[in-house]
Amino acid sequence: MQTTGFAAQAPPAGPFGGAAPTAGSPFGGPAGGMAAAAPSGLVANFARDGLNAQQWESVEGSPGPPYQCAFSSRAVVAQANQALMLGTFAEQYSCFSGQLKSRQAFGHGCFKASFQPAKASGVITGFMAQNKANGQHMEVSMQFRGTDTSTLQILVWNNGQVVGQQAVPLGFDAASSPATYAVAWSAAGVEVIAQGQSVYSLASAAGAPAQGQMHAVVESWAVDASASHVAGAYNQQPAVSYVHAVSVSDANTCRTPLA
């Protein structure tokens, strides 16, 4: 098999084919320079400012099942005036996927991202608030799985256990244009918001994480055979997700729809 990695190409088609990423910032702010973040918060407008290595870690290495491919910075592409690209691609003996994790972890607030998931068999695109430190896995994850990019899959982890999950029909194809997805996290529990609308909530009394800190994480990855029943089989074809912006701020910002 020939190498099918990223190519540094300009719009309109993008390196993996399909619709090009939409330029501009769904998070607003003046052009040129990073927008000011709230204290202890995060604002990353990839389409305008590129990838700031002081804010983000491109994860490396193989996470093991159900991930088929190793994470690699080769699968993370930042180009001027374009959305960040997270991809999955195969080579002769291996494949690679992209994951970005904020270097800083944050407490209660709003974890928010504007992105377009890949629409490809066997590929999952996710945005999450997550902490796996010291074996205490807590996470609120929003995923698009395989070719079903009109259903948002929500998973909540606490103390290494799944404590909540739900499939939410969105009524639109998330792969067709950027949309905003958010997690509002407080001591009372978590709420998931899509395009300004509440679609899921779980109280801390029902098991949701109540305290601690979590990283903002975006990823695009291929499933192995153990998870093909949820996302389809990965067919070794290159796939790309476009991430336009990510922020962490006060929880009351989560309900504001972002263009």
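Predicted model: local features only at pLDDT ≥ 70, side-chain atom pairs only at ≥ 80, totals over all residues.
User: Why is the pair of Phe111 and Trp185 called tilted?

Analyst: Rings of Phe, Tyr and Trp (its six-membered ring) pair if their centres lie within 6.5 Å; planes under 30 degrees apart are stacked, those over 60 are edge-to-face, and the rest are tilted. By this rule there are nine aromatic pairs. The ring centres of Phe111 and Trp185 are 6.5 Å apart and their planes stand at 50 degrees, so this pair is tilted.

User: What makes Phe115 and Phe144 an edge-to-face pair?

Analyst: Their ring centres are 6.1 Å apart and their planes are at 70 degrees, so the pair is edge-to-face. Phe115 belongs to strand β7 and Phe144 to strand β9, so the pair ties together parts 29 residues apart in sequence. Strands here are DSSP runs (E, at least two residues), numbered from the N terminus.

User: How do you know whether Phe115 and Phe144 are buried or exposed?

Analyst: Relative accessible area decides the matter: buried means under 20%, exposed over 50%, and partly exposed in between (1.4 Å probe, protein chains only). Phe115 has a value of 2%, so Phe115 is buried. Phe144 has 0% and is therefore buried.

User: How do you know that Cys110 and Cys254 form a disulfide?

Analyst: A disulfide is a pair of cysteine sulfur atoms within 2.5 Å. The sulfur atoms of Cys110 and Cys254 are 2.0 Å apart, and the two residues form a disulfide.

User: Why is the disulfide of Cys110 and Cys254 given its handedness?

Analyst: The torsion about its S-S bond is about 110 degrees, so this disulfide is right-handed. Cys110 lies in strand β7 and Cys254 in the segment after β16 (239–249), so parts that are 144 residues apart in sequence are tied together.

User: What handedness has the disulfide of Cys69 and Cys95, and why?

Analyst: Its S-S torsion is about -100 degrees, so the disulfide is left-handed. Cys69 lies in the loop between β2 (56–58) and β3 (70–71), and Cys95 in strand β6, 26 residues apart. Both Cys69 and Cys95 are buried.

Technical notes:
Residues numbered from 1 in each chain as written. Heavy atoms only, no water. Helix = DSSP H or I, 4+ residues; strand = E, 2+ residues; numbered from the N terminus.
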